[in-house]
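Notes below, in the order I looked things up.

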Amino acid sequence: MTTQAVQAQIQLSTGEIVDLQSTITDGSSGELKTSGNVISGGGISAQSLGTYADGKTISAILQPPTPASGSISWAYLQRNGAILACLPVAAHGVVSQPIPFAIRLRAGDTIQVFTRAAAAPRDVSLNVVTQSGTHAIFTAVNSASTTNNLTHILNSQSLGENLANQRIMSHYANSTNGATMRGGSVLYINDRGLPAGSCIAINPNNLQMQPNSMSTAVIGLNFQASTVTTA
């Protein structure tokens, strides 16, 4: 199996800068831990972010999770086995400004990431936040010239099964092959087969990912998050 060296950097409300770096096996999720490799002889051992910064608050993401090569499909802050907060992903040299954040950490909180060996895989990932504060990530590997339905990364539920009767307030999607997707977007398909909303897919190799609140929707039980590919 191939691996990726993934790194990230965050700022805490205390002003501390935390560098994170771990080697992740491609095609599976792994934990991104603290790193002492900022300078030779750095004194921070590899540990979970929540263990290192228990009770402290993340105030900004200075560098989203970024692979040395290959790509990252999704990342999130995990608490008690669930998604506490979606995290943007990036490519080297693309991030242009820090991303404000406000999460108070607890012991046991971890950062989880999913990597691919290819720099331009056919993965597409949708990150959403609802009016109730629920964070969720849905993903698929796009097949050519067909409709692809995204499912939740933890329980494989569809968009409607996971978020029925909730309103999406903010969302962002990432894919390196958006040019093959109609509208370059993930579509929110309702129970009549019509798009009730959509989220443009950003290529993290070209542009920094930022949440937006355009074309959101109230999700019904039978809704799907889908891509329609042309190639």
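I started with β9 and β13: they run antiparallel and are joined by 7 bridges. For the record, I count two strands as paired if DSSP finds at least two bridges between them. Strands are DSSP runs of E with at least two residues, helices are runs of H or I with at least four, and both are numbered from the N terminus.

Before going on, I noted that this is a predicted model, where local features need pLDDT of at least 70, side-chain atom pairs count only at pLDDT 80 or more, and totals for chains, interfaces and linings use all residues. Residues are numbered from 1 along each chain as its sequence is written, and side-chain values use heavy atoms, with hydrogens and water left out.

**β9 and its partners**

I checked Val 128 next: its bridge partner in β13 is His 171, and in β10 it stands opposite Ala 136. β9 and β10 (residues 135–141) are paired antiparallel, again through 7 bridges. Their hairpin has 4 residues between the strands, and Gly 133 there has a positive phi near 90 degrees.

How much of β9 is buried? I found 7 of the 8 residues in β9 (residues 123–130) buried, meaning under 20% relative accessible area with a 1.4 Å probe and protein chains only (exposed is over 50%, partly exposed in between).

**Ser 170**

I then moved to Ser 170, which lies in β13 (residues 168–175). Its relative accessible area is 18%, so Ser 170 counts as buried. I listed its contacts (heavy atoms within 4.5 Å). Leaving out residues up to four places away in sequence, Ser 170 touches Asn 127, Val 128, Val 129, Pro 211, Asn 212, Ser 213 and Thr 216. I also looked at Gly 197, which is 27 residues from Ser 170 in sequence and 12 Å away in space, C-alpha to C-alpha.

**Whole chain**

Zooming out, I get 2 helices and 16 strands for the protein chain. The radius of gyration (over C-alpha atoms) is 17 Å, which agrees with the value near 17 Å for a compact globule of 231 residues; the rule is 2.2 Å times the number of residues to the power 0.38. The C-alpha trace spans about 60 × 35 × 30 Å along its principal axes.

I have 51% of the 231 residues down as buried. Of the contacts with a separation of 6 or more, 70% come from residues 24 or more positions apart.
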